[in-house]
Amino acid sequence: MGRRRACLIFACLCAAAMAGLAPNIARAESGGLAATPPMGWNDWYSTYCGVSAGLVEQTAQTMVNDGMKAAGYQYVNIDDCWMAPTRDSAGNLVADPVRFPAGIAAVAAYVHGLGLKLGIYEDAGTTTCAHYPGSYGHEAQDAATFAAWGVDYVKYDRCNIPFGDFPGESPEQAQQTLYARMSNALRATGRPIVFSMCNPDPGDVPWEWSAPIANLWRTTTDIEDNYGSMLFNFEGTVDLSAAAGPGSWNDPDLLQIGNGGSSLLEYRTEFSLWAELAAPLIASTNITTLTPAELAIYENADVIAVDQDPLGRQGVAVSRAGGLWVLTKPLAGGDRSVVLFNSTNTAARIATTAAAVGLPGGQGYRLQDLWSGEITQSAGAISAFVPGHGVAMYRISTMNRELARWIAPHTVLSLSSAAPELLAGRSTIVRETFADDGVNPVKHVKLYFRVAPGWHLKRLGKARAKLVNAGHRFSVDFRVTSPAGSPPFALGALAGAVSYDPPDSRRTASATLDERVFAAVPHPFETANTTGYDGAFGAKAGGLAISARGGGVFQPVNAPPIDSYAAIYEPQRAGTQTSVQVTITSDPAGGPAGGAGLIERNAMSAPAGSPAAVALFVSGSGQLIMSWNATGGQDVDSRFVLPSVYVHVPVTLRLVRSGSTYTGYYSPDRGVTFLPVDAVTVAAAASAGDQDVGVFHASGLPTWTTTATFTGLSVS
Ligand code: GLA
């Protein structure tokens with residue numbers, strides 16, 4: 001619901017340029033408000049418009065009972081839809097009489113009685129995003145109402161602003177005017193109220209002008225409960241550290257931990273990255289049904305301490321090559337929080353040094369792993385073997401090198417494949433490496449290696465070393481051969497292990513790597529890749545797999561068209577009266593434009609020389625989209641998103657061509673019933689004669705490779 005509205009908003013706001021906004025970063029007189037990033041709860045992503053006094057009070061009580069309050073979560077925030085549809089006769093806001101029968105002041109009193117604080121939602125326009133009364137023209141009155149009710153936090157949105165009232169101003173300038181108006185109105189009440197701006201429109205730069213008026217501002221579009229969306233919002237916030245500090249914070253949006261769309265590993269990553277970015281930690285989930293494992297993420301005191309560090313500095317990226325991120329955040333007292341984040345889908349060693357993350361040289365270093373609790377020491381190398389989508393997070397302090405000898409050395413076992421994407425039946429070399437990052441040597445190192453059933457393995461060197469010196473590594477290579485009879489796409493588990501003697505006790509460690517295996521694509525299929533990055537393709541027994549980066553086949557609002565995808569197709573198979581159908585069995589795309597689906601064009605592999613025709617696909621967030629070329633230019637220039645529909649795989653798509661008209665259908669029940677998406681007319685030049693037809697995939701993010709799978713492609 002929020003996503004849809006946000007899209008509509010983009011359409012009107014992005015149309016105008018935001019010229020003339022001078023960067024003006026001066027910190028707000030925050031009076032100690034939000035001296036560290038706000039922590040709390042917001043109902044939006046668990047209830048959308050279902051919020052009620054009962055839910056808010058039950059959540060607050062649960063936060064006391066389950067330890068979240070003690071862990072630092074303070075704000076209990078009501079999002080959109082809390083209001084009655086109209087103001088009262090005096091123009092005052094009124095709470096929905098059914099869902100808030102005793103009004104907001106009563107809820108505030110309840111929440112305050114538990115030692116927590118209450119937040120509320122409003123909007124700078126005439127109505128909120130969900131079309132309840134907005135504060136436009138009522139700013140002082142509404143601020144006074146909130147203060148009188150005992151509200152401690154206001155999230156202020158930017159839907160439905162009458163931009164016609166701001167001639168000569170860009171939408172962002174009008175927002176600036178209106179946000180300053182509400183900021184002043186809240187201050188004039190004399191009640192300390194955290195002011196949270198919600199204005200995440202692409203192209204806008206609130207971080208350049210909001211610090212004097214707000215305590216936090218959104219940096220990115222509405223988050224979704226999937227890894228690609230989390231990565232998109234992280235990447236949109238990570239380079240904005242200059243704007244953040246006590247009293248004013250970048251907000252990459254609400255935490256999704258507990259909503260079920262991501263793995264625990266991915267939720268741990270979200271929490272770690274938000275803490276490293278000094279982002280608000282606002283849980284937008286049903287707190288009352290969190291599992292112990294989810295709650296343990298929210299209550300990790302060491303990670304929270306990084307977020308809430310009194311220095312108030314946002315972490316910065318030291319390196320990011322190949323999607324392997326090293327982030328460092330200076331902490332009060334001189335420690336550093338270091339996050340090694342593997343944004344890719346394949347486990348990888350990520351390495352940096354104490355000097356590179358800003359620690360003074362010539363010392364020993366104490367590493368506290370903030371997820372396992374383990375304490376190790378290093379002579380200066382900082383590295384870890386990190387699973388795809390995962391993080392290693394350390395608090396690092398300097399320590400006397402001699403004393404460091406008494407702590408276990410930081411050692412890392414890692415695996416790397418010369419060809420992470422392999423054709424079935426082919427071989428590659430996998431290197432297993434044991435590194436001693438500590439200040440003292442380790443002895444009697446023995447490496448082990450195992451492959452999944454059906455694989456062949458040959459060791460190419462010695463697997464034992466009597467001694468690995470401090471700061472040194474020991475490696476052995478293995479030749480591995482994948483099974484010839486693999487499915488279109490399979491993950492082959494390669495597992496390494498090590499045993500060794502540190503000075504005190506014998507230690508072991510293990511590491512696993514998923515080798516990605518694709519069955520070669522047979523005739524009559526061909527493959528095309530227009531992304532500029534490596535892709536991989538598999539086909540076997542009716543199944544198809546495409547691994548690719550790229551933006552997609554898409555017409556982003558107010559941005560140049562994207563024509564960046566990888567495809568498996570049959571050349572010139574679609575005549576002027578042809579129906580093509582496929583079932584998408586996995587579509588892990590992220591970002592606003594990634595997806596998987598059907599595509600037809602005159603010549604699939606030569607986009608520069610053949611105009612794109614039409615694509616029917618499912619986006620990473622489960623929306624059904626048609627993109628097409630209505631004007632005859634090189635790229636798609638039109639798109640249609642089926643409103644109010646979100647699908648989960650498997651979903652079957654059918655594209656029926658009749659000359660230049662293409663009608664898209666989808667089936668949520670594997671082809672039993674088909675529902676229409678849209679019928680579109682493609683320019684004659686882009687739909688001439690027979691066409692190439694097939695399936696395509698794009699991850700949606702240029703930093704990220706994902707694999708989509710399909711079955712049952714048929715052309716008739
Ligand atoms: C917008 C905001 C969301 C949420 C909804 C409520 O989409 O970005 O965070 O507040 O509005 O309608």
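The model is predicted: local features need pLDDT of at least 70, side-chain atom pairs count only at pLDDT 80 or more, and totals for chains, interfaces and linings use all residues. Residues are numbered from 1 along each chain as its sequence is written, and side-chain values use heavy atoms, with hydrogens and water left out. Helices (H or I, at least four residues) and strands (E, at least two) are DSSP runs, numbered from the N terminus. Buried means under 20% relative accessible area, exposed means over 50%, and partly exposed lies in between (1.4 Å probe, protein chains only).

**Cavities**

- The structure holds three cavities of 30 Å³ or more. A cavity is a set of points on a 1 Å grid, over the protein atoms alone, where a 1.4 Å probe fits but cannot get out.
- The second largest cavity has a volume of about 120 Å³. Grid points are joined across faces, edges and corners, and a volume is the space filled by probe spheres set on the points.
- Lining this second largest cavity are 13 residues, and the closest to its centre are Tyr-153, Lys-155, Ser-196, Asp-251 and Leu-254. Lining residues have an atom within 4 Å of a point.
- Strands β4 (153–157) and β5 (194–197) are the elements that give two or more residues to that lining.
- The lining of the second largest cavity comprises six nonpolar, three polar and four charged residues. Ala, Val, Leu, Ile, Met, Phe, Trp, Tyr, Cys and Pro count as nonpolar; Asp, Glu, Lys and Arg count as charged; the others, Gly among them, count as polar.

- Helix α5 spans residues 103–113, and its buried residues are Gly-103, Ile-104, Val-107, Ala-108 and Val-111.
- An α-helix has 3.6 residues a turn, so residues three or four places apart point the same way.
- The cover over the buried residues of α5 includes α3 (53–65), β2 (75–77), β3 (117–123) and α6 (139–149). Contact means heavy atoms within 4.5 Å.
- Strand β3 is itself mostly covered, with six of its seven residues buried.
- β3 pairs with β2 in the parallel sense over three bridges. Two strands pair if DSSP finds at least two bridges between them.
- Leu-118 in β3 is the bridge partner of Val-76.

- α9 is mostly covered, with 10 of its 13 residues buried. Among them are Tyr-267, Phe-271, Leu-273 and Trp-274.
- Ala-278 lies in the loop between α9 and β8 (281–283). Its phi is near 50°, a positive value in a residue other than glycine.
- Ala-278 counts as buried because its relative accessibility is 1%.

- β37 (residues 651–658) and β38 run antiparallel, joined by seven bridges. Thr-652 has Ser-667 in β38 as its bridge partner.
- The two strands form a hairpin with two residues between them, and Gly-659 in the turn has a positive phi of about 65°.
- β38 is also joined to β39 (residues 675–681), antiparallel, by six bridges. Here Gly-664 stands opposite Asp-678 in β39.
- Five of the seven residues of β38 (residues 661–667) are buried, so this strand is largely enclosed by the rest of the structure.

- Most residues other than glycine have a negative phi, and most peptide bonds are trans.
- His-444 has a positive phi of about 50° although it is not a glycine. His-444 lies in strand β20 (residues 442–451) and is partly exposed, at 42% relative accessible area.
- The peptide bond from His-523 to Pro-524 is cis, with omega near 10°. Pro-524 sits in the loop between β25 (507–518) and β26 (526–529).
- Val-649 and Pro-650 are joined by a cis peptide bond with omega about 0°. Pro-650 is in the loop between β36 (638–641) and β37.

**Pro-310**

- Pro-310 lies in the loop between α11 (301–307) and β9 (316–319). At 61% relative accessibility, Pro-310 counts as exposed.
- Pro-310 touches Pro-246 and Ala-332, not counting residues up to four places away in sequence.
- The C-alpha atoms of Pro-310 and Asp-692 are separated by 59 Å, and the two residues are 382 apart along the chain.

How values were computed: On a 1 Å grid over the protein atoms alone, a cavity is a set of points where a 1.4 Å probe fits but cannot get out, and a pocket is an open set with protein on both sides within 12 Å along at least five of seven lines; lining residues have an atom within 4 Å of a point.
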